[in-house]
Every structure is written in C-alpha cells, then in structure tokens.
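Here are a few notes to read alongside the model, written for someone opening it for the first time. Please keep the structure in view as you go through the points.

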Amino acid sequence: MPIRRAATLLFLFLLTLLTCGCSITQALRVRDHERVDVQSMIADLSGSPVLFLGERHDASAHHELQLRVLEALKAQGKDLVIGMEMFEKVSQPALDAWSAGRVPESAFRKVYQWSWRHIPWGMYSDIFFFARDNHIPIVALNAPRGIVQNVAQHGFGSLSAAELADLPPDVDARVTDQFLNFMRGSFPSHGRSGDAYRHIAEAQMLRNMVMARRINDYMTAHPKKVMVVIAGGGHARGVGGVPAELRGNLVYRIVLPPVPPLDEESVTPEDADYLLVERF
C-alpha cells in the first residue's frame, strides 16, 4: 500500500506540472535587479527594432514566452519579422513559402526536421503557425552546418574558397584570446586548451558572425520592420554572442533565460536587459 500510494502521489505531482500552466510570469530587470511581470517587460522592450529572445531549445516555457511576446508586438501594430537560429540560408525559399501560406504543414515539417533534427516540431509549432496565419516573414540566420562542422574539426583557416564563398564576405571567425577565455567560462564541458578547443571556439564565433550579418542585411533592407530573434541563450547573450557582432547603430534589447554561468547574481547589463525567472 505505501508503494502504491507513493506512486500515486508521484503521478499526481507530474500531472500537476504538466497541466498547471507553468509559464514564465516574471523577469529580472537587470539594470536595477527588480523583478517585474512579463507584461511590463514586453511594454519596456516594445520600442526596440531588434529583440533577442534567448532560449534553452528544449524548454517549452521559453517558446510559450516567445509566442506571447510576438502576439503582444503584433497587437501593438508592429511590422514583425522572426529571425531564427534553427534554419540555414538554403531553407529561406521554404520559409518564404510557409509565411505566404503556399506550402502544406506536412512539407514544412520536413524542412524543419532537416534543419533542427534534435528538437521536436511541437516545441516551435505554435510560433510557426502564428507566422503563417499572420504572414510574418521568417529569416534563416544560421551558418551552413557542413561549414560549421568543418571549422569545429579543422579550424577556420581550413575552409576552401568555395566554402568561404558561401559565407558573408567579411566573416573571419578566427578568435581572440579574450573570446577563448569567455568560452572557457561559458562552455566548460568542452576541452579547455589546444588547437581542438580553438577550433570549437571558432565554430561558435562563425555562427555568431553569420547570424549577425543576416540580421544586419535584413534590417538594412527593411528598416521599418521589428525583428524578433529566436536563438539559444549563448548566441543571444550580449557578451560573446550575436549582438556583439552586429554592425552599425542597430538598436537591440536582450531577454535571456538562466543559462550557465548566468543567474540572478551574476548577470550584468552587458549580458542582457532581462533574465527570465523560472518556477522550476
């Protein structure tokens, strides 16, 4: 009986987690370390032409928040575009067709599954449907995976002329010692020294730089748009992420989830404007 009762209690607890609507409701305003509700956060951020919404890719609460932000900005009359780490440039025609309502869900699922194969479709499906139903463009931001893998294994200097031609012309992903030190603090699971570690850092920088160039190019061509960038927390971070590689005077704001090593104690205004407060 005690075992059965314990199993029942565990089941009820898990059911509660799944059904209680455990969405994120608060965020830490980093500049003064005050907790505010999500509605106040969105109101504060709504004037920015570029808004980075960092995530842990497998955290459904982060995707719920992203959708909530998109819905709020759309309700304010913003002319939205969604930039996504999850897609490479080769998928842009499919993204354009999806946002125009010209491709069935079954076909677009295949594009997504090829692009972002380790995270279930359901994590992002509500965002995709929102984009399609409101004809909101989605911009593919990521660097070609084959080139990223080559850099991670052999370094940026190993790329062929053909591979370089598939990147924005001013991308040079060779990294400084400062960036290597940043990587050591942010990605401790990787090796910490030698050429192998430098190559991993160069692959991270390559993705940052390519995503930044895609954002710059799109916003230069569409200056009245408001871009919501959906990317992993490491890429969305102000220090060592995509924002640091943006060109010109493009104004942006950053929302991050707690991602190691960032938490409420360690986050700074250089990292983010807001840090999400998670219940679990």
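1. R198 and D177 form a salt bridge in this predicted model, and their closest N and O atoms are 3.5 Å apart. The pair links distant parts of the chain, since R198 sits in helix α10 (residues 194-221) and D177 in helix α9 (residues 177-186), 21 residues apart. D177 reaches 54%, which is over the 50% cut-off, so D177 counts as exposed.

2. There are 17 salt bridges in the structure. One of them joins D44 to R31, with 4.0 Å between the closest N and O atoms. D44 belongs to helix α2 (residues 38-45), while R31 is in the loop between β1 and β2 (34-37), so this pair ties together parts that are 13 residues apart in sequence. With a relative accessibility of 30%, D44 is partly exposed; R31, at 57%, is exposed.

3. Which residues share salt-bridge partners in one network? They are R31, D44, R253 and D273.

4. R132 has 26% relative accessible area, so R132 is partly exposed.

5. Now for the strands. In β8 (residues 274-277), Y274 and L276 point one way, whereas L275 and V277 point the other way. Which are buried? All of them are.

6. Strand β8 has partners to look at in turn. Strand β1 (residues 26-29) runs antiparallel to β8, and four bridges join the two. A27 has L276 of β8 as its bridge partner. Strand β7 (residues 252-256) pairs with β8 in the parallel sense, over two bridges. Opposite Y274 of β8 stands V255.

7. Helix α3 (residues 60-75) deserves a look too. Its 16 residues reach 23 Å from the first C-alpha to the last, close to the 22 Å expected at 1.5 Å a residue. Just after α3 comes G77, which takes a positive phi of about 90°.

8. Which residues of α3 are buried? The list is A61, H62, H63, L65, Q66, L67, V69, L70 and L73. An α-helix has 3.6 residues a turn, so residues three or four places apart point the same way; keep that in mind as you trace these positions. What do the buried residues of α3 pack against? Their packing partners are α2, β3 (50-55), β4, α6 (125-133), β6 (226-232) and β8. Two of these names have come up already: α2 is the helix that holds D44, and β8 is the strand that pairs with β1 and with β7.

9. The last stop is S91, in the loop between β4 (80-88) and α4 (92-99). S91 has a relative accessible area of 4%, which is under the 20% cut-off, so S91 is buried. What does S91 touch, leaving aside its neighbours within four places in sequence? S91 is in contact with V111, W114 and S115.

Methods
Residues are numbered from 1 along each chain as its sequence is written. This is a predicted model: local features need pLDDT of at least 70, side-chain atom pairs count only at pLDDT 80 or more; totals for chains, interfaces and linings use all residues. Side-chain values use heavy atoms; hydrogens and water are left out. Buried means under 20% relative accessible area, exposed over 50%, partly exposed in between (1.4 Å probe, protein chains only). Two strands pair if DSSP finds at least two bridges between them. A salt bridge is a side-chain nitrogen of Lys or Arg within 4 Å of a carboxyl oxygen of Asp or Glu. Contact means heavy atoms within 4.5 Å. The expected span of a helix is 1.5 Å times one less than its number of residues.
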